[in-house]
Amino acid sequence: MPPWSARDGIAVSGTVRGDGMSEAQDAADDSLAATAYRRIRTAIILGRYADGAAITEGRLADELQMSRIPVRAAILQLGVDGFLATAPRRSARIVGWDRRSIDELFDVRLSLETLAARLAAQNAGRGAPVEVLDRALASAHDAVTSGERLAIAEAHAAFHARIVEMADSTLLTSLTRVVSGRLVWLFYLTGVGRDAREQSHEHDELLAAIADGNARLAESLAFSHIEKGRAPSMRLILNEPRD
């Protein structure tokens with residue numbers, strides 16, 4: 001399997017092709033696929049395609065003004081990341097949100113991210129630097145100040161991702177990556193009705209616990225922070241009335 005590009009969210013090949021094509025061409029193809037991935041993913045998050053809508057490789061290639069090859073790679077990765085339902089010789093469909101999918105995302109986050117917070121704090125207690133978390137949190141604060149919903153969603157998701165990285169568990173990182181894309185989508189959809197500054201304050205507390213090496217407190221704060229978002233996410237995404 002080729003390694004992942006953490007920035008682009010799509011596999012990047014470093015192998016030598018056997019058809020005489022240059023590595024430069026490989027790199028160009030990978031770059032186009034990553035660009036296609038980002039643009040389609042952003043369009044889905046921003047609601048430019050309706051939930052359940054069918055989208056074809058040809059349509060996307062026309063919209064992006066690209067060949068079908070990078071678009072095909074992007075569609076496959078978006079399927080892996082939970083944005084699209086794909087099947088051979090069929091149109092891909094947007095995988096939207098319902099009560100079950102929201103509950104499942106929060107349940108998985110509670111299992112994975114609380115473990116990540118505990119491991120990150122343990123590593124900090126052994127002397128691991130926390131500067132990467134400081135920078136991620138500073139970026140999140142800047143995004144909140146800007147008021148731009150997508151930037152806030154991406155920055156908050158990035159902060160959570162940096163905690164997973166600091167946990168220094170290859171398996172945990174791999175498992176968390178599967179839900180990271182939809183997490184940005186969830187944060188974007190709920191950004192209009194949740195207090196981003198309150199969430200940033202909770203991030204401040206979580207970072208402080210990790211930096212202090214207090215594993216149990218970090219785990220508890222992560223659990224509370226995640227679970228606190230479940231009910232408002234249900235209400236905002238599904239347009240449910242307040243209790």
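1. By class, the lining of the second largest cavity splits into six nonpolar residues, one polar and one charged. (Ala, Val, Leu, Ile, Met, Phe, Trp, Tyr, Cys and Pro count as nonpolar, Asp, Glu, Lys and Arg as charged, and the others, Gly among them, as polar.) The residues in question are Glu-113, Ala-116, Ala-117, His-160, Ile-163, Val-164, Leu-206 and Ala-222. Helices α4 and α6 (149–167) each supply at least two of the lining residues here, and the volume is about 40 Å³.

2. A word on the source: this is a predicted model, where local features need pLDDT of at least 70 and side-chain atom pairs count only at pLDDT 80 or more, while totals for chains, interfaces and linings use all residues. Numbering runs from 1 along each chain as its sequence is written, and side-chain values use heavy atoms, with hydrogens and water left out.

3. Now the largest cavity, at about 70 Å³. There are two cavities of 30 Å³ or more. (A cavity is a set of points, on a 1 Å grid over the protein atoms alone, where a 1.4 Å probe fits but cannot get out; lining residues have an atom within 4 Å of a point. Points are joined across faces, edges and corners, and the volume is the space filled by probe spheres set on them.) Phe-106, Arg-109, His-160, Leu-186, Phe-187, Arg-194, Gln-199, His-203, His-225, Ile-226 and Gly-229 line the largest cavity. Two or more of the lining residues come from each of α4, α7, α8 (196–211) and α9 (215–227). Sorted by class, the lining has four nonpolar, five polar and two charged residues.

4. Have a look at the aromatics next: Phe-83, Trp-97 and Trp-185 make up one cluster. Two aromatic pairs are counted. (Rings of Phe, Tyr and Trp, the last by its six-membered ring, pair if their centres lie within 6.5 Å; planes under 30 degrees apart are stacked, over 60 edge-to-face, and the rest tilted.) Phe-83 and Trp-185 are stacked, 5.5 Å centre to centre with 15 degrees between the planes. Phe-83 sits in the loop between α3 (68–80) and β4, and Trp-185 in helix α7 (residues 170–190), so this pair ties together parts 102 residues apart in sequence.

5. Because Trp-97 lies in the loop between β5 and α4 (99–125) and Trp-185 in α7, the contact links parts 88 residues apart in sequence. Buried or exposed, then, for Trp-97? Buried, at 11% relative accessible area; Trp-185 is buried too, at 3%, and so is Phe-83, at 0%. (Buried is under 20%, exposed over 50%, partly exposed in between, with a 1.4 Å probe and protein chains only.)

6. Two arginines deserve a mention. Arg-182 lies over the face of Trp-97, 4.0 Å from the ring centre. The charged end of Arg-149 sits over the ring of Tyr-188, 4.0 Å from its centre. (The rule: NZ of Lys or CZ of Arg within 6 Å of the ring centre and within 35 degrees of the ring normal.)

7. Last, the sheet. It is open, with three strands in the order β3-β5-β4 and antiparallel pairing. Edge strands β3 (54–55) and β4 (84–85) each have a single partner strand, so one side of each lacks a neighbour in the sheet. Two bridges join β4 to β5 (residues 92–94), and Ala-85 has Arg-93 of β5 as its bridge partner. (Two strands pair if DSSP finds at least two bridges between them; helices, H or I of at least four residues, and strands, E of at least two, are DSSP runs numbered from the N terminus.)

Conventions
On a 1 Å grid over the protein atoms alone, a cavity is a set of points where a 1.4 Å probe fits but cannot get out, and a pocket is an open set with protein on both sides within 12 Å along at least five of seven lines; lining residues have an atom within 4 Å of a point.
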